[in-house]
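Here are a few notes on the aromatic side chains, jotted down while going through the model. Have a look at it alongside them.

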Amino acid sequence: LTTPTADLEAYDLYLAGRQQMRSRGDGVAEAVTLFEAAIARDSSWAPAWAGLAESRSLVPYYDRVDNDSASWAEHLGAAEAAARRALELDPENASALVALGNVYRDRWRWKDAEDAYLRALAVDPDNVEAHQQYAEYLDYVGRETDAYRAANRALALDRSPIRLNVAGYIALYAGRTREGLALLQEGIRLD
């Protein structure tokens with residue numbers, strides 16, 4: 001980490017939050033709680049704020065109870081505020097930039113979203129979440145070939161079920177049906 005914390009419990013909470021976020025599903029809401037607990041212990045630590053921003057930007061996709069437009073707006077607003085706080089503390093925090101890209105993407109601010117993702121990748125070229133979220137953005141705007149390439153870069157960095165799922169459906173949209181189905185089946189098997 002480029003900006004360490006002296007509070008080891010905050011660090012443990014942060015690591016647990018990252019793992020929960022990576023697992024997706026109900027883990028995303030749990031990640032929010034863990035990142036908030038890390039921030040309560042060290043409110044000046046940018047990675048905890050960035051993790052909170054990323055997880056809050058993902059909650060609407062996994063929230064099975066309260067998935068209306070008001071809830072989306074609330075989560076996106078909270079994600080943007082946390083991302084901006086992280087960037088105040090560390091202007092080069094790639095995770096905060098990814099979260100900001102997610103917020104812009106979900107508000108259909110396409111140019112701002114792409115700029116945020118590209119800046120995150122310039123800061124950290126191996127940031128798997130940046131590659132995956134950028135792939136999803138590219139898919140949303142109809143750039144299937146670029147989306148396919150970005151999804152496969154994420155998959156090369158982390159062959160977890162969520163990466164397989166995203167690469168699988170993007171392969172399907174790009175007309176690579178057999179490959180897409182194989183990736184989705186592998187993701188199901190691993191999950």
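How many aromatic pairs does a search of the whole structure find?

1. The count comes to nine aromatic pairs over the whole structure. Keep in mind that this is a predicted model.

2. Take Trp110 and Tyr137 to begin with. Their ring centres sit 6.2 Å apart and the planes make an angle of 45 degrees, so this pair goes down as tilted; stacked would need planes under 30 degrees apart, and edge-to-face over 60. The two residues bring together distant parts of the chain, 27 residues apart: Trp110 belongs to helix H6 (residues 110–123) and Tyr137 to helix H7 (residues 128–140).

3. On burial, Tyr137 has 4% relative accessibility and counts as buried. Tyr134 is buried too, with a relative accessible area of 10%. Trp110 has 31%, so it counts as partly exposed; the buried class stops at under 20%.

4. Elsewhere, I'd check the cluster as a unit: Tyr11, Tyr14, Phe35 and Trp45 form one aromatic cluster.

5. Last, a charge over a ring. Arg176 is placed over the face of Tyr148, 4.0 Å from the ring centre.

Conventions. Residues are numbered from 1 along each chain as its sequence is written. This is a predicted model: local features need pLDDT of at least 70, side-chain atom pairs count only at pLDDT 80 or more; totals for chains, interfaces and linings use all residues. Side-chain values use heavy atoms; hydrogens and water are left out. Rings of Phe, Tyr and Trp (its six-membered ring) pair if their centres lie within 6.5 Å; planes under 30 degrees apart count as stacked, over 60 as edge-to-face and the rest as tilted. Helices (H or I, at least four residues) and strands (E, at least two) are DSSP runs, numbered from the N terminus. Buried means under 20% relative accessible area, exposed over 50%, partly exposed in between (1.4 Å probe, protein chains only). A charge sits over a ring if NZ of Lys or CZ of Arg is within 6 Å of the ring centre and within 35 degrees of the ring normal.
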